[in-house]
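Thank you all for coming.

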Amino acid sequence: MNPRTMTAIIDSKRYNTETATLISGNDYWDGHNYERHGRNTFLYRTAKGAYFAVHQTCWQGENDSIEPLSEDEAVKLYESHDRGGDCRLSFEDAFPGIQIEEA
C-alpha cells in the first residue's frame, strides 16, 4: 500500500503528508502484497521537526488517521520498521541530533 495524501489539524497544528518527509513504513513486500493484514503505518517528520504517524486501512468501516508522536515514540516506530519494514531515511537523517551509542 502506498502512503495516501492526508492532512489533519490536531491541537491547532497542521499535519500534511504532502509537505512532510516520509521517514519509514511497514509496507515491505512479502512476496504477495505490501499490506500488513490490510493496515499500514507510515512515519513522517514535518519541516518544523514534529513527528507523526499515518495509519492506513483497506478495511470497510475503518478510517485512516494521523497521530502526532513524541520524538521517543517516533524512534520506537522507526526501529520497529527497521526490523522488517521500509526505512526511507537513515536513522541519522531521520533524527538529527540524537546520538547512537554502541551497545
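Before anything else, two strands are said to pair if DSSP finds at least two bridges between them, and the strands (E, at least two residues) and helices (H or I, at least four residues) are DSSP runs numbered from the N terminus. Please keep in mind that this is a predicted model, in which local features need pLDDT of at least 70 and side-chain atom pairs count only at pLDDT 80 or more, while totals for chains, interfaces and linings use all residues. Residues are numbered from 1 along each chain as its sequence is written, and side-chain values use heavy atoms, with hydrogens and water left out.

Strand β3 (residues 21–25) runs antiparallel to strand β4 (residues 39–45), joined by four bridges, and Gly25 stands opposite Phe42 in β4. Both strands belong to an open sheet of five strands, in the order β6-β5-β4-β3-β7, with antiparallel pairing. Because β6 (65–69) and β7 (86–87) each have a single partner strand, they stand at the edges, and one side of each is left without a neighbour in the sheet.

Strand β1 (residues 7–10) and strand β2 (residues 13–16) also pair in the antiparallel sense, over four bridges, with Ala8 opposite Tyr15 in β2.

Where does Tyr15 lie, buried or exposed? Tyr15 is buried (under 20% relative accessible area, whereas exposed is over 50% and partly exposed in between, with a 1.4 Å probe and protein chains only), its own value being 7%. Phe52 likewise counts as buried, at 0% relative accessibility.
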